[in-house]
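Trainee: I would like to go through this model with you, one question at a time. Shall we start?

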Amino acid sequence: MNDNKDIVLHGFKEFAAGNLGILRTLLREDFVEHSPGNPSGRDAWIEYTARSPVAGARLDLKRIIAEGDLVMVHYHMIPAGDERGVAVVDIWRLVDGQIAEHWDVVQPVPEPSLIPNGMF
């Protein structure tokens, strides 16, 4: 089993259950964020994330893939009041058991008739 995959999977499950404190142990202090508008640095990113829609959303993990120091998580994020939600792919790079970098791709889930093969 991939240790990095286990670390991210555990962190995802904890975060999805409402434990935002898990981010303090998961992220390196010098954490680098690549998503536009999101801050780098562990403390700034945690503060930002705690106020973002993901913090209170239902997160439905679809798949997790790991190769070397990279772990990709594909999930359905359903914020309160948004029936369809969004499809999210997070890519995490780990160094010495902690997350050093993050990239993501977020796509709104359209009407079911527009995706006959499903989003997930």
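Trainee: In which helix does Asn4 lie?

Mentor: This is a predicted model, in which local features need pLDDT of at least 70, side-chain atom pairs count only at pLDDT 80 or more, and totals for chains, interfaces and linings use all residues. Residues are numbered from 1 along each chain as its sequence is written, and side-chain values use heavy atoms, with hydrogens and water left out. Helices are DSSP runs of H or I with at least four residues, strands are runs of E with at least two, and both are numbered from the N terminus. On that basis Asn4 lies in helix H1.

Trainee: Is Asn4 buried or exposed, and at what relative accessible area?

Mentor: Buried means under 20% relative accessible area, exposed over 50%, and partly exposed in between, with a 1.4 Å probe and protein chains only. Asn4 counts as buried because its relative accessible area is 16%.

Trainee: Which residues does Asn4 touch, not counting residues up to four places away in sequence?

Mentor: Contact means heavy atoms within 4.5 Å. With residues up to four places away left out, Asn4 touches Gly68, Asp69, Val71 and Leu94.

Trainee: How many aromatic pairs does a search of the whole structure find?

Mentor: Rings of Phe, Tyr and Trp (its six-membered ring) pair if their centres lie within 6.5 Å; planes under 30 degrees apart count as stacked, over 60 as edge-to-face and the rest as tilted. Over the whole structure the search finds three aromatic pairs.

Trainee: What kind of pair do Phe12 and Tyr75 form, and how many residues apart in sequence are the parts tied together?

Mentor: The centres are 5.1 Å apart and the planes are at 65 degrees, an edge-to-face pair. Both Phe12 and Tyr75 are buried. Phe12 lies in helix H1 and Tyr75 in strand S3, so the pair ties together parts whose separation in sequence is 63 residues.

Trainee: Which residues do ring pairs link into a cluster?

Mentor: The criterion is the ring pairing already given. Ring pairs join these residues into a cluster: Phe31, Trp45 and Trp92.

Trainee: Is Arg42 buried or exposed, and which residues does Arg42 touch, not counting residues up to four places away in sequence?

Mentor: Arg42 lies in helix H3. Its relative accessible area is 16%, so Arg42 is buried. Leaving out residues up to four places away in sequence, Arg42 touches Leu23, Arg24, Leu27, Arg28, Glu29 and Phe31.
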